[in-house]
Amino acid sequence: MDFAALTDWYDHNHRRLPWRETRDPYRIWLSEVILQQTRVAQGLDYYDRFVGRFPSVADLAAADEDEVLKLWQGLGYYSRARNLHAAARQVVERHGGIFPTAYADVRALKGIGDYTAAAVVSFSADAPYPVVDGNVYRVLSRLLDIDTPIDTTAGKKEFAEAAFALLAEYLVRKGHRGAGLYNQAVMELGALVCTPRSPQCAACPLAGGCLALKRGTVGERPVKRGKTAQTPRFFHYLHITDEHGRTAIRRREGNDIWKGLYEFPLVETPTGAEFGTLPLPFADFVWQGSVRMPKHVLSHRIIHAVFHRITVTDLTALSLPDDWRVIPSGRLGDYAVSRLTELYLTRDR
DNA sequence: TAAGCGTGGTG
DNA sequence: TCACCAAGCTT
């Protein structure tokens with residue numbers, strides 16, 4: 001690999017992003033978690049809000065999980081927010097509130113895998129660990145023309161070894177400094193030049209040594225095995241209100257989508273169903289109508305959701321399931337909700 | 001270990 | 001419209 005061309009390209013072309021203006025491992029970690037499976041443009045505002053609300057890892061650890069989820073609302077993959085909060089508490093307990101920069105310590109924190117650990121320690125402390133993310137898979141699969149599927153155990157091993165070998169070679173030539181810069185450069189090249197579609201090979205500093213470009217296989221790299229099908233789910237939400245301006249919500253628990261978020265009481269059916277067939281925990285109510293939402297598409301699910309509007313006299317007088325919370329309707333905005341529920345609450349009427 | 005986990009952008 | 005994707009991790 002032409003390392004000099006790569007780092008020279010990076011110096012002149014990289015984006016100035018807020019998490020690149022610091023070597024604070026806490027902020028770098030925060031940005032890396034936000035950016036997992038997420039575009040920079042989508043994560044930027046969230047990063048600013050998190051840094052503003054939680055200037056230090058101790059501030060984050062001291063917060064309630066619900067507040068962290070509320071700040072994360074709309075970003076998706078909510079386990080990231082729960083793990084972020086849990087990891088902050090681990091940092092306080094294990095490291096006295098000082099975010100670690102030793103790879104093993106970082107890797108041991110909740111929600112941090114091989115990629116994020118390498119990113120944090122190399123960007124913050126220039127530690128010699130190669131990052132292997134989607135960008136790197138793409139760059140290396142083309143540079144070395146590797147056709148092993150990246151979403152297999154064998155593929156992950158092969159790419160990790162290739163990444164390690166390249167970083168080692170770079171470090172030997174550079175006097176064992178600059179791992180962070182090298183990692184940033186490879187990733188940025190993947191993000192701006194070696195893109196999934198229409199890669200800009202003419203502008204690529206590594207084009208001269210790119211095996212896939214020479215062989216004409218750029219469009220076939222990287223190889224991925226397969227995608228899992230999107231299966232449908234049918235959600236019936238009970239939007240219950242009473243004469244005192246109250247409504248009922250509950251927190252999603254268990255290993256399912258939107259864990260930790262709040263929503264109206266839900267009845268899930270195996271297929272589509274009519275309101276009259278749904279079981280309700282009380283009998284004295286008036287059905288005001290139903291709102292069918294557009295198909296809500298997740299990565300592995302398509303949710304068919306209907307919000308049923310129901311009125312009762314006094315929610316607090318009813319015998320309701322233990323996990324229901326009766327709250328003033330005006331306080332709904334205090335709770336983290338899915339985009340689906342947010343869309344319902346903010347829809348045009 | 002393959003499947004599950006969100007949302008929004010793009011060609 | 002639709003497939004594919006965007007700085008992955010957990011179980």
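How many bridges join strand S1 to strand S7, and in which sense do the two strands run? The close-ups below, taken from a predicted model, begin with that pairing.

**Close-up 1. Strand S1 beside strand S7.** Here is the answer: S1 (residues 231-242) and S7 (residues 301-312) run parallel and are joined by 12 bridges. To find your place, look for Thr-231, whose bridge partner in S7 is Arg-301.

**Close-up 2. Strand S5 meets strand S7.** S5, made of residues 286-292, pairs with S7 in the antiparallel sense, with six bridges between them. A handy landmark is Val-291, which has Phe-307 of S7 as its bridge partner.

**Close-up 3. The hairpin of S6 and S7.** Three residues lie between S6 and S7 in this hairpin. The strands run antiparallel, and two bridges join S7 to S6 (residues 296-297). Within the pair, Ile-303 in S7 stands opposite His-296.

**Close-up 4. The protein surface around DNA strand C.** In this view, 26 residues surround DNA strand C, and Gln-37, Asp-133, Asn-135, Pro-196 and Lys-227 are the closest. Of the DNA strand C atoms that come within 4 Å of the protein, 66% belong to sugar and phosphate. The residues of this surface comprise 10 charged, eight polar and eight nonpolar.

**Close-up 5. Polar atoms facing DNA strand C.** Follow Arg-15 to a base: one of its polar side-chain atoms lies 3.3 Å from a base nitrogen of DNA strand C. Gly-111 instead brings a backbone N or O atom to 2.7 Å from a phosphate oxygen. For Thr-116, a side-chain N or O atom is 2.7 Å from a phosphate oxygen of the DNA strand. Helix H8 (114-125) and helix H9 (134-143) are the elements that give two or more residues to the surface near DNA strand C.

Key: Residues numbered from 1 in each chain as written. Chains lettered and ligands numbered in written order. Predicted model: local features only at pLDDT ≥ 70, side-chain atom pairs only at ≥ 80, totals over all residues. Heavy atoms only, no water. Near = heavy atom within 4 Å. Polar contact = N/O pair within 3.5 Å; in protein donor to acceptor, adjacent residues only side chain to side chain. Helix = DSSP H or I, 4+ residues; strand = E, 2+ residues; numbered from the N terminus. Nonpolar A, V, L, I, M, F, W, Y, C, P; charged D, E, K, R; others polar. Pairing = 2+ DSSP bridges.
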